[in-house]
Amino acid sequence: MTAGRHGEYDESRSLRNRLGWLGRLGFVNYVRSPTRTSPINHAVARFLLGSYVVWKIVWYDWRAFLSMPVLDTTTYAFVVPPAELWWVLTAEQLLTVVALGLFVVGYRLRLTAFVASTFLVHMGVVRFTQNGSGATTPLFLAAYLLVFFALYDRDNELSVDAVRRTASQSLASLNDHLKADEPSTHGHHALKWGLLTMGIVYFGAG
Amino acid sequence: MYHYNIMVLIGLSAVELLGPLVPVLTVVTLLGSVVVAGLAIHYQDRPGVRKAFVLLFVFCLLSVTLTDLHFLPFFAWHKFPATVDADEVRYQIRVVDDAGRELNYDRQAPFANDGIKATSTAKRMATVYDQETNDEVAAYLLERGREYRVTVERGGRFLRPVRFPPHGLDVGWDRIDTTQYGEFVGICVYEMHYATNEAGTDIVSHEEWVVYEYLPASASERGRATDDAADRVSADAAAGTTRGVVA
């Protein structure tokens, strides 16, 4: 008989534990607790988000896109550049790829994440004028997540920015950190609000 | 299509509720969201800024989700509440080869990664555009279709494993042996009527006919059937027609 049978939650019998190391790769409810004992998940999430978006947008051919003689929806026609200015969108695409590379390593993350999300929104709205399906809308989801990563910038502890911040700190503060008794906690607020966002979008579907 | 959402429940349409505000809100939401996000990121260390931004964000996202009014960059995925009528009308673009064979138009032909929303383009060609616009669009689609076919036959399959996977389940030309078709000479748009049984589990009738045809070279010279296009009703779909639904 285990405690679980009497209504008390038994961690050792949870599915996550029974799956061993595989289970530890599973779902983490960041909304319940946005802190963890290591900042690795936060950095891995940045890598996954950045590479997903690069993989998705790197194939876009804006010259061909703008040569289509009609728009599917005209609501957002005001953000679509004239066909001969296709290179503006191509430049945005390249800058987004560069910004996302810097975002993944965490260099000037507030700026790079904001630049990438702004261009993603613009490219997303332009593509929306031809195809408003789920082929386009994930670009906006990615833009939301990028903003959350920039908004909770101090959570990006495994990043070039964090190394630069640490370099400017005094030796005394390093000593304090090493002598501290309490276990270190690392915020994952971008993943917390990202998870809530995904929840609203997916729950809203049903 | 019918959506369960607050607007339907309270019996109001977006236009009735927001009226002339819709175009203003469209611009303000799009530009405002970028500006507000930038300000919030810049002033994130001031007390209350992050909390206020997240609250505003969740409010906007929840609003579009509950009302199904899209104000980009906020969007909603209303998939499951969308029901299909017992009598459904759909439209499809097909490319015609020199022997009169038809092939479902690959929506990725005009431009890379998911391309146009072909079902929607087909519907507007059948119901909205005038002849002149239709001819312009069809000429464009035919031209791009020919170019894309060359790409696919030359080695499009080689890059497919590393390309971003296409959205939706329809069968693109890279999964069809396009070499068995002759030269592409025209574009046609089909109107297709489906009737399902009461349980919605089976299609009881399926009829389709051509509502628009674009054949720049003389059709009879190319060996295409010369009977009036509007009379032609083919019950069995040509090879490679849509087997999935793109939402």
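In this predicted model, B:Asp45 and A:Arg110 form a salt bridge, with the closest N and O atoms 3.3 Å apart. A:Arg110 also meets A:Asp153 in a salt bridge, at 2.9 Å from N to O. Side chains of opposite charge can pair when their charged atoms come close. Over all chains of the structure, 11 salt bridges are found.

| Salt bridge | N to O distance |
|---|---|
| B:Asp45 and A:Arg110 | 3.3 Å |
| A:Arg110 and A:Asp153 | 2.9 Å |

**The interface of chains A and B**

Across the interface of chain B and chain A there are 2 salt bridges. The polar contacts across this interface involve 16 residue pairs, with both residues at pLDDT 80 or more. On the side of chain B that touches chain A, helix H3 (21–42), helix H4 (49–67), helix H5 and helix H6 (131–159) of chain B each supply at least two residues. H3(B) provides the largest share of that side, 9 residues. By residue type, the side of chain B that touches chain A divides into 33 nonpolar, 13 polar and 9 charged residues.

In terms of contacts, 55 residues of chain B meet 51 residues of chain A. The size of an interface is often given as the accessible area lost when the parts come together. For chain B and chain A the buried area is about 4800 Å², and 72% of it is on carbon and sulfur atoms.

**The sheet of chain B**

Chain B contains an open sheet of 4 strands in the order S2-S1-S3-S4, with antiparallel pairing. Its edge strands are S2 (102–104) and S4 (203–214), each of which pairs on one side only. On average, neighbouring strands of this sheet are turned by 35 degrees against each other, direction ignored. Helix H5 (residues 118–127) of chain B packs on the sheet and touches strand S1 (87–97), S3 and S4 of chain B. The direction of H5(B) makes about 95 degrees with that of S1(B).

Strand S3 (residues 184–196) of chain B runs antiparallel to S4(B), and 10 bridges join the two. B:Ile187 has B:Tyr214 of S4(B) as its bridge partner. B:Met192 stands opposite B:Glu208 in S4(B). S3(B) and S4(B) form a hairpin with 6 residues between them. In the turn of this hairpin, B:Gly200 has a positive phi of about 75 degrees.

**Backbone details in two loops**

Most residues other than glycine have a negative phi, and most peptide bonds are trans. One residue in chain A and one peptide bond in chain B can be set beside that background. A:Arg108, a residue other than glycine, has a positive phi near 45 degrees. A:Arg108 lies in the loop between helix H5 (86–105) and H6 of chain A. In chain B, the peptide bond from B:Leu72 to B:Pro73 is cis, with omega near 10 degrees. B:Pro73 is placed in the loop between H4 and S1 of chain B.

Methods. Residues are numbered from 1 along each chain as its sequence is written. Chains are lettered from A and ligands numbered from 1 in the order in which they are written. This is a predicted model: local features need pLDDT of at least 70, side-chain atom pairs count only at pLDDT 80 or more; totals for chains, interfaces and linings use all residues. Side-chain values use heavy atoms; hydrogens and water are left out. Two strands pair if DSSP finds at least two bridges between them. Axes are lines fitted to C-alpha atoms, for helices over the stretch in contact, and angles run from 0 to 180 degrees between N-to-C directions. Contact means heavy atoms within 4.5 Å. Buried area is the accessible area (1.4 Å probe) that two parts lose on being put together, summed over both. A salt bridge is a side-chain nitrogen of Lys or Arg within 4 Å of a carboxyl oxygen of Asp or Glu. A polar contact is a pair of N or O atoms within 3.5 Å; within protein, one must be able to donate a hydrogen and the other to accept it, and residues adjacent in sequence count only if both atoms are side-chain atoms. Ala, Val, Leu, Ile, Met, Phe, Trp, Tyr, Cys and Pro count as nonpolar, Asp, Glu, Lys and Arg as charged, and the others, Gly among them, as polar.
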